[in-house]
Amino acid sequence: MQVVREWMSSLAGLVRRHRDPVVVQAFRSTVAATVAYVFAKWLSPEPAPLTAPLTALLVVQVTLFATLTTSIRRVNAVVAGVIVAIAFSLLVGLTWWSLALVILAGLAVGHLVRVDEFVAEVAISAMLVLGVTTVGSTAWARIVETLIGAVVGMACNLLLAPPLWTEQAGESIEGLARRMRRLMLHMGDQVTGGTPVEQAAERLHEARRLDHDIADVDAALRQAEDSLRLNPRVREGLLHRVVLRTGLDTLEICTVVLRVLARSLTDLAKEREPEPLFSPQTGPVVRQLLCEISDAVVSYAVLVTTDVSVSAESAESRLAAELRQAAATRDKLAQLMLEEIQHDASQWQLQGAVLTEVNRIIDEMDTEHRSQRLLEELDRHTRAQRERRSRLTRIADRLGAPVKRRRHRDDER
């Protein structure tokens, strides 16, 4: 009975993971490499045409957009390397100095033909072809195998739909928001009592470490944006990309403001040590405000990563309510600070800076501000697409002009 339960648990885990992008990508890469090898065995004169599965394995990237661009660059890299090898084989044989020249020439040609990350592939292809005796047949076989691998890789992306990485990007955004919330809660705990400078400085270092989290989330978001491009399963890819990107931009601005806020609290701790950062009346209000803003940050992340319209409306309503509550607490804090400054204005610059930075975070997450940014980004993308189509139309007209003139002359005759 225990064995049956373990088997059912393993089966359930496999079913849950069958939509995991990592599992889907591994399956697609394996299928593409195997099919490419089968076709290469049939078409290539080489006994072990491993270039074809290698190319297919590298071409089948995580997104269709990346696959198309990678295929073109990789084919260009291999063809350029073969041409370099043929040119050297006609002049010199394989020696240590000719190998050095081939590598140098391959790397230089790779930069000239702009194959980006496949610059080394030009030199590798040239070395492999130069290292054999039957240069002509090997060069042709390597080109054929590369083309087979590239074609099979692109075909697998059309037949086996690439996975969408939006869920992983959403989880990264929400994880960033929760780390920001945890930091604000820690900062709120330290404003109600006597905070040592070392503890305030630790919060500052924690805020600075959020920059690394922003970089990781940005990488996950770029992958998600590529997965939405040219994907047949996505109808509103542009809208999804803009929503996620503007959401991350807002959180990035909030992290910068949060770092400045942590700096202001650290400076305030230096000025007031060993006294509390704020008075007994003001400290609890500051703590409450930071707690409310931290909840709003998480709600904002949930909003920008929610696809279903009903859930998005619920998340937007919750965010708006939390921001209204935070704004009310901010106004209360401003009144308390104003009253205290009239009696003691020694640290009014630092206390005023705290209020300004908190207000900036609230304004950045405002729903009207978010809607305005979305409209601006959508308009920008629409103008860019219109300009791109206009350029393509002008190029097509230029290419078609000689044909039209030739037809006109033929008609006149």
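Helices are taken here as DSSP runs of H or I with at least four residues, numbered from the N terminus, and in the predicted model described here phenylalanine 39 belongs to one of them, helix α2, which covers residues 21–43. The secondary structure of the chain as a whole amounts to 14 helices and zero strands. Of its 413 residues, 42% count as buried, and the accessible surface comes to about 22,700 Å², with 59% of that area belonging to carbon and sulfur atoms. Among contacts between residues at least 6 apart in sequence, 78% join residues at least 24 apart.

Phenylalanine 39 contributes to a nonpolar patch on the surface, which is formed together with Val35, Trp42 and Leu43 and has about 430 Å² of accessible area in total. With a relative accessible area of 38%, phenylalanine 39 is partly exposed, because this class lies between the 20% limit for buried residues and the 50% limit for exposed ones. Leucine 43, also placed in helix α2, is likewise partly exposed, at 48% relative accessibility. The C-alpha atom of leucine 43 is separated by 8.8 Å from that of alanine 141, although the two residues are 98 residues apart along the chain.

Helix α8, spanning residues 166–190, has 25 residues and reaches 37 Å from its first C-alpha to its last, a value close to the 36 Å expected at 1.5 Å a residue.

Threonine 305 itself is found in the loop between α11 (282–304) and α12 (309–343). Its relative accessibility of 17% is under the 20% cut-off, and threonine 305 therefore counts as buried. The side chain of threonine 305 is joined to that of glutamate 174 by a polar contact of 2.9 Å.

Helix α13, made up of residues 348–364, has 17 residues and reaches 24 Å between its first and last C-alpha atoms, close to the expected 24 Å at 1.5 Å a residue. Its buried residues comprise the nonpolar side chains of Leu350, Val354, Leu355, Val358, Ile361 and Ile362, together with Gln351, Glu357 and Glu364.

Methods
Residues are numbered from 1 along each chain as its sequence is written. This is a predicted model: local features need pLDDT of at least 70, side-chain atom pairs count only at pLDDT 80 or more; totals for chains, interfaces and linings use all residues. Side-chain values use heavy atoms; hydrogens and water are left out. Helices (H or I, at least four residues) and strands (E, at least two) are DSSP runs, numbered from the N terminus. The expected span of a helix is 1.5 Å times one less than its number of residues. Buried means under 20% relative accessible area, exposed over 50%, partly exposed in between (1.4 Å probe, protein chains only). A polar contact is a pair of N or O atoms within 3.5 Å; within protein, one must be able to donate a hydrogen and the other to accept it, and residues adjacent in sequence count only if both atoms are side-chain atoms. Patches are made of residues with over 30% relative accessible area and no salt bridge: like charges are joined within 9 Å, nonpolar side chains (Val, Leu, Ile, Met, Phe, Trp, Tyr) within 5 Å. Accessible areas come from the Shrake-Rupley method with a 1.4 Å probe; for residues, only the protein chains shown count as cover. A salt bridge is a side-chain nitrogen of Lys or Arg within 4 Å of a carboxyl oxygen of Asp or Glu. Contact means heavy atoms within 4.5 Å.
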